[in-house]
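Have the viewer open as you read.

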Amino acid sequence: MSRNELNGLLPRIDFFLKEVDQAIATETVSDADGMKERIEHVPLGVVGNISAWNYPWFVGCNVILPALLTGNAVLYKPSEFASLTGLEIARLLHPAGVPREVFVPLVGGGEVGAALLEQSVDGLFFTGSYATGKRIAQAVGPRFIRLQLELGGKDPTYVCDDADPRAAAQSLADGALYNTGQSCCSVERIYVHERIHDAFVAAFVETVQGFKIGDPMSEDTYIGAITRAAQLDVLAAQVADAKAHGAVLHLGGH
């Protein structure tokens, strides 16, 4: 799964390289009656990027590369749970020709992120939780700089009554548990039409039972370690709440 993250990043790099010249080219809106109207695209200046821990290469470079290619400097704070990836990106970019003062990794926890917000950045891009995104928006909103937030949600999916229960279950089990469920767009709620509900649940449980739990360095492991120990308490609380509201535990939960 880690290799797949990098495999997904490589064509994204090619896409940015292919599209950048056209994206920032001067656009002539009007050229009539002796007057030209043009739209020019200029760099923001200094871009701050606070990135996520679950796909640090892919999510981080989605901001880092376009920012650099369009003439900006980047202050990059990787998640404190994936600090080494930020340092590794710097280790690769600097010898490749990006000056050290143009791409600067900032390693640390929330206090480093707060310090980044206090800098004279011209744009701020964040991927992470709703709570942190709200604090960032409150901090930089009055400055009217470019702000982009990609925040967590509770992504639902619906299985219609004409769906193949087994095919749907296999697809959605993978969508829910890929990367041990630590994905920005993972399936977090499943609504199933009552006509195929029981068949879907049976196929879903059977599919998940087939996922091997083990060492993430093993080729046949599907579910590895949770990145943050504190998340285990969250999962336990969710299971307890579901059972308290009448849910039936078919698998796991311990």
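Leaving aside neighbours within four places in sequence, which residues is Val74 in contact with? Keep in mind that this is a predicted model. Val74 is in contact with Val47, Ile64, Ala67, Leu68, Val102, Phe103 and Val104.

Some of those names come back in the largest nonpolar core, which has 18 residues. Ile64, Leu68, Val74, Tyr76, Ile89, Leu93 and Phe103 are the ones that touch the most other members. Helix 1 (2-24), helix 2 (56-69), strand 4 (73-77) and helix 3 (83-93) each give two or more residues to this core, and helix 2 provides the largest share, with seven. In soluble globular proteins, nonpolar side chains tend to be buried together.

Now for the rings. The structure holds four aromatic pairs, including these two:

| Pair | Centre to centre | Angle between planes | Type |
|---|---|---|---|
| Phe200 and Phe204 | 5.7 Å | 35 degrees | tilted |
| Phe211 and Tyr222 | 4.0 Å | 20 degrees | stacked |

Phe200 and Phe204 are four residues apart in helix 7 (residues 197-209), so about one helical turn separates them. Phe200 is buried, at 4% relative accessible area.

Phe211 and Tyr222 both lie in the loop between helix 7 and helix 8 (230-244), so their pair ties together parts that are eleven residues apart in sequence. Phe211 counts as buried at 15% relative accessibility, and Tyr222 is buried too, with a relative accessible area of 16%.

One more ring to click on: Phe81 has Arg228 lying over its face, 5.3 Å from the ring centre.

Notes: Residues are numbered from 1 along each chain as its sequence is written. This is a predicted model: local features need pLDDT of at least 70, side-chain atom pairs count only at pLDDT 80 or more; totals for chains, interfaces and linings use all residues. Side-chain values use heavy atoms; hydrogens and water are left out. Rings of Phe, Tyr and Trp (its six-membered ring) pair if their centres lie within 6.5 Å; planes under 30 degrees apart count as stacked, over 60 as edge-to-face and the rest as tilted. Buried means under 20% relative accessible area, exposed over 50%, partly exposed in between (1.4 Å probe, protein chains only). A charge sits over a ring if NZ of Lys or CZ of Arg is within 6 Å of the ring centre and within 35 degrees of the ring normal. A nonpolar core is a set of buried Ala, Val, Leu, Ile, Met, Phe, Trp, Tyr and Cys residues joined through side-chain atoms within 4.5 Å. Contact means heavy atoms within 4.5 Å.
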